[in-house]
Amino acid sequence: MFGRIKNYRQERARRKLDGGVSRTSSLRKWRYFGIFGMILVMSVLVYAICFLYKAPVVPQMSHNRDTQLHLVSPFTFSYTSEVQTQLKRDRIAERIPPLYRINESSISNAEGALNKLISFLNENQPAYDALSDKKDNEFFDKLSSNLRKRTLISVNPSDLRTVYEHTTLKNRFSAFNHAFFHVENIIKNGIYEDNDAIFSINPDDDASPASRIEGTDFNARAMSETEAQRALLSRIKTLGANENLALALYRMLNQNLRPNIEFDEEKTKAKRMEAASRVDPVVIKVREGETIVDSNSPSTPLIAEKIKAFKKELEARGGSVNIGNYIDFVASFLLVLTATFFIIISKTQKNKQPRTVAIFCTLLLLNLLVERLVIHLSNAEYFDTNTTLLQILAYGTPLMLGPIIQVLLFGSYTGFLMAILIAFLTTMMLGESVFFCLLFLSAALVAIYFCDGATKRSRVILGGLIYGLFIAFFAFIFGEVAGVADDKIWRQSSVALATGAITGILATAVLPVIELIFNRYSNITLLDYTDFNNPLLRRLQIEAPGTYHHSVMVSYLAEAAAAAINANPMVCRIGALYHDIGKLVKPEFFSENQSGRRNLHDDQNPSMSALIIKNHIKEGVELARASKLPKQVIDAIIEHHGTSMIAYFYNKAVKSAESAATCDPARALREEGVDESTYRHEGVKPRTVENAIIMLADSCEAASRSLKKITKHGVEDLVNSIVRTKMNDGQLDECPITVKQLAKIRQSFVFTMLNMLHTRIAYNNDKK
């Protein structure tokens, strides 16, 4: 009987193989075209992000050290030198002498003081006329004091007496007015301080400042305070008045002769700007082969401007098609092609899944876009005031942002592969040596080591910080060896350390977004589903306690086995906890939940019982999707039985057919409806090592309940039998698991099951 069934299986497999050869060949051809198209598209995108319209990175100079560069122009170009043009304009502007002006308030202030003085004298004229003694000193002392208090004008009492003696109310204003006429003229011509270094040198020279006072007559000349006082005295004496009165008027009006010449900044600036605007820009021509900067060139604004002009010329010429564009595109194509080969030859099936490739490409392009943005900003023209910014930020680019997220989602293989691509492309964008690439790759290994398998966000941040510390340490070492300025070394190290910490923080912030978009979850998120208060697990505890206990035991088995072969223990643990949630729909039809009650399958025919058993996979998937469980959990539910046989009910159906068979057993099987596919689970064979472990752990834990006596030999035979059965049934054919890994899994299962199924001694203290 079983021989015929075996021949039937072989014949069916042969027909499937013959009918699918041509279709497989056609699909393979289209698959190759698709892979090549994807490589081409990714190469174009990588080239566009990294190199298209990229401003050339020209080594920059430091302000406090001589340059260590040697830059030669490969072509002839001209540029307008703003530095030399400004120097020429400054020289022309300096030739324009400063302009001065008379303080307009000085004349009005003098007039006001004169009017106050005359008014005061006229007001006190009656008091003077009433004096019996016209030479009363006490009166004039009091009059001088009152004048000082009211008008802040100081006049000698004797001068007041002289004015009253030689003037009257009728002629007093005329006497003062004639004298003030000369005061006004002197003030209008300008007065400067004695010994003024600017005005006292060659005062009669036409080029002297005294000849450039706005608002004065062409023939007028400014005078110093002493000269103005002498001129006023001589002019008052020419009025023909009494000598004593002339001296008194002089002493009274002399107080108004104060320096009143001011520097006219606005007019001077306008004149100089007008002169500078007439200067033509200075154009410098750099010929092909001319040295732009070398080791002997000092760090000057002229050299910095020439380097900037060379960079702009490179950028302008970069828009045309040249050999550099082809080299950059070929490099991008080769790097993408290499990454594709590494993914194809990967022994881990999840690395080849479309979801993995999609996330890999998305993170790669986003990380390169961030790198391009940082390099563009640090190399931009408006940052050229700090010429060391690009050199500092070369160590501060967030190179590990994408690789860290890739490591958290899929492991270290694709994460390091992405780090290789980004390290090479970033080095090319910076125009640096291979040292940068090696340093980035070494630091990437450090970050990946700390972030691989992380279940806490703090570990990711720590990994980023250690990555930054690694970069900072070697930036310091190589900076000292290369003779870089100490302040620049410390800036580079500080930026590298800060960037590492920020990269770790950003990775933990961006990770949930990537998980939500692509429905792929890291161990950090999966850890939240281990909470036994999860609604599904709580339902399992109450409605199907046997299944719940079975799931917990399977999770222990799977997690320990995954750790033994360096698989992902968290995926195994979560998948095992939820793999049987489909049994919540009809828990009473599963033996672990019956607890000695009558077996409901006794009332069902074998095919119906098999249908109920295998439906728990479909119902589990529906529950998982309704609860928005991670895809890893849904895959574990679909794959934990694969397409394995529901042996108990299949054998029951075979026995029933054998008892009804007369002469043709095969006909009896067909009449009884015993078809192998009816008694096989309708899931998917495990495609990952983790789901294969869950499958084996599930079968081993369930079968261990039938052991009557727990011995190491018995457990080993049970585990070996189950693993061998799954292998012979082809359930592990699509899983990239090795024989060595299976051996370690068996050893782990035996060790864990012996500890789980341990026995206790019988305690019986009752008297016989």
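Predicted model: local features only at pLDDT ≥ 70, side-chain atom pairs only at ≥ 80, totals over all residues.

Started with Lys-628, which comes out exposed because its relative accessibility is 66%. I looked up where Lys-628 sits: in the loop between helix H24 (606-626) and helix H25 (631-639).

Next, Asn-519. Here too phi is positive, about 55°, and the residue is not a glycine. Asn-519 is in the loop between H19 and H20. Its relative accessibility is 28%, so I log Asn-519 as partly exposed.

Then the nonpolar cores. Which residues touch the most other members of the largest core? I got Val-46, Leu-364, Leu-368, Met-400, Val-460 and Ile-471, out of 62 residues in that core. At least two residues each come from helix H1 (2-50), H12, helix H13 (354-378), helix H15 (401-410), H16, helix H17 (434-451), helix H18 (457-482) and helix H19 (486-518). H17 gives the most to this core, with ten residues. I also noted a second, separate core of 38 residues, with Leu-114, Leu-147, Val-163 and Val-183 among its members. As background, nonpolar side chains tend to be buried together in soluble globular proteins.

Leaving out residues up to four places away in sequence, Val-460 touches Ile-404, Leu-408, Cys-451, Ala-454, Gly-504, Ala-507, Thr-508 and Ile-524.

Also checked Ser-493, in helix H19. Buried or exposed? Ser-493 is buried, since its relative accessible area is 10% and the cut-off for buried is under 20%. With residues up to four places away in sequence not counted, Ser-493 touches Ala-472, Ala-475 and Phe-476.

On to the rings. I have 17 aromatic pairs in the structure. One of them is Tyr-449 with Phe-450, edge-to-face, 5.4 Å centre to centre with 90° between the planes. Tyr-449 is exposed at a relative accessible area of 62%, while Phe-450 is partly exposed at 21% relative accessibility.

Another edge-to-face pair is Phe-532 with Tyr-548, at 6.3 Å centre to centre and 80° between the planes. Which parts does this pair tie together? Phe-532 lies in the loop between helix H20 (523-526) and helix H21 (535-543), and Tyr-548 in helix H22 (residues 545-564), so the pair ties together parts that are 16 residues apart in sequence. On accessibility, Phe-532 is partly exposed with 32% relative accessible area, and Tyr-548 counts as buried at 18%.

I also followed ring pairs into a cluster, which links Phe-435, Phe-436, Phe-440, Phe-470, Phe-473, Phe-474 and Phe-478.

Last stop, the surface. Phe-341, Phe-342, Ile-344, Ile-345 and Tyr-413 make up a nonpolar patch there, with about 490 Å² of accessible area together. Helix H12 (residues 323-344) supplies the largest share of the patch, three residues. Tyr-413 belongs to helix H16 (residues 412-430). Why does Tyr-413 count as partly exposed? Its relative accessibility is 35%, and partly exposed covers what lies between the buried cut-off of under 20% and the exposed cut-off of over 50%.

Methods: Residues numbered from 1 in each chain as written. Heavy atoms only, no water. Patch = residues over 30% accessible without salt bridge, like charges linked within 9 Å, V, L, I, M, F, W, Y side chains within 5 Å. Areas by Shrake-Rupley, 256 points an atom, 1.4 Å probe, with all protein chains shown as cover. Salt bridge = Lys/Arg side-chain N within 4 Å of Asp/Glu carboxyl O. Helix = DSSP H or I, 4+ residues; strand = E, 2+ residues; numbered from the N terminus. Buried < 20%, exposed > 50% of the residue type's maximum accessible area, 1.4 Å probe, protein only. Phe/Tyr/Trp six-rings, centres within 6.5 Å; stacked < 30°, edge-to-face > 60°. Core = buried A, V, L, I, M, F, W, Y, C linked by side-chain atoms within 4.5 Å. Contact = heavy atoms within 4.5 Å.
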